[in-house]
Amino acid sequence: MSKLKSDITSEYINMTFCASCKKCPSIHIEKNSNEIIIGGKKEGYTKFTKEQFLLFVKQIKKGIFDEYVKKY
């Protein structure tokens, strides 16, 4: 699996959901903001609070999506 492109500083992380281009959506998280932004110019942007995002991450870690994303 390829490594995702990311820009990580002491204040924020910006990670693209693709390892081979700069056109795919990304996620942007800042330490001093309660807002997380996911998306890109083509598909638009969605904003979440950190609390909403953490609830989503907990479900991912529980494996709730596993059967839907397995390779076939």
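These legends describe close-up views of one predicted protein chain.

The model is predicted, with local features requiring pLDDT of at least 70, side-chain atom pairs counting only at pLDDT 80 or more, and totals for chains, interfaces and linings using all residues. Residues are numbered from 1 along each chain as its sequence is written, and side-chain values use heavy atoms, leaving out hydrogens and water.

**View 1. The protein chain holds 5 strands and 2 helices.** From the N terminus, the elements follow the order β-β-β-β-β-α-α. Helices (H or I, at least four residues) and strands (E, at least two) are DSSP runs, numbered from the N terminus. The C-alpha trace spans about 35 × 30 × 25 Å along its principal axes. Of the 72 residues, 11% are buried. Buried means under 20% relative accessible area, exposed over 50%, and partly exposed in between (1.4 Å probe, protein chains only). Contact means heavy atoms within 4.5 Å. Among contacts with a separation of 6 or more, 2% link residues 24 or more positions apart.

View 2. The accessible surface comes to about 6,400 Å². Carbon and sulfur atoms hold 57% of that surface. Areas come from the Shrake-Rupley method with a 1.4 Å probe; for residues, only the protein chains shown count as cover. There are 14 positive and 8 negative side chains. The centres of these two sets lie 6 Å apart. Lys and Arg count as positive, Asp and Glu as negative; His and the chain ends are not counted. Each charge is placed at NZ of Lys, CZ of Arg, CG of Asp or CD of Glu.

**View 3. An open antiparallel sheet of 5 strands, in the order 1-2-3-4-5.** Strand 1 (6-8) and strand 5 (44-49) are the edge strands, each pairing on one side only. Neighbouring strands are turned by 10° against each other on average, direction ignored. Helix 1 (residues 50-62) packs on this sheet. Helix 1 touches strand 3, strand 4 and strand 5, and its direction makes about 95° with that of strand 5. Axes are lines fitted to C-alpha atoms, for helices over the stretch in contact; angles run from 0 to 180 degrees between N-to-C directions. Two strands pair if DSSP finds at least two bridges between them.

**View 4. The hairpin from strand 1 to strand 2.** A link of 3 residues joins the two strands. Strand 1 and strand 2 (residues 12-16) run antiparallel, with 3 bridges between them. D7 stands opposite N14 of strand 2.

**View 5. Strand 3 between its partners, strand 2 and strand 4.** The antiparallel pairing of strand 2 with strand 3 has 5 bridges.

**View 6. S26 and I27 in strand 3.** S26 counts as buried because its relative accessibility is 16%. Leaving aside neighbours within four places in sequence, S26 contacts N14, M15, T16, F17, I37, I38 and G39. I27 counts as buried because its relative accessibility is 11%. Not counting residues up to four places away in sequence, I27 touches I13, N14, M15, F17, I36, I37, I38 and F53. I27 and I37 are 10 residues apart in sequence. Their C-alpha atoms are 5.7 Å apart in space.
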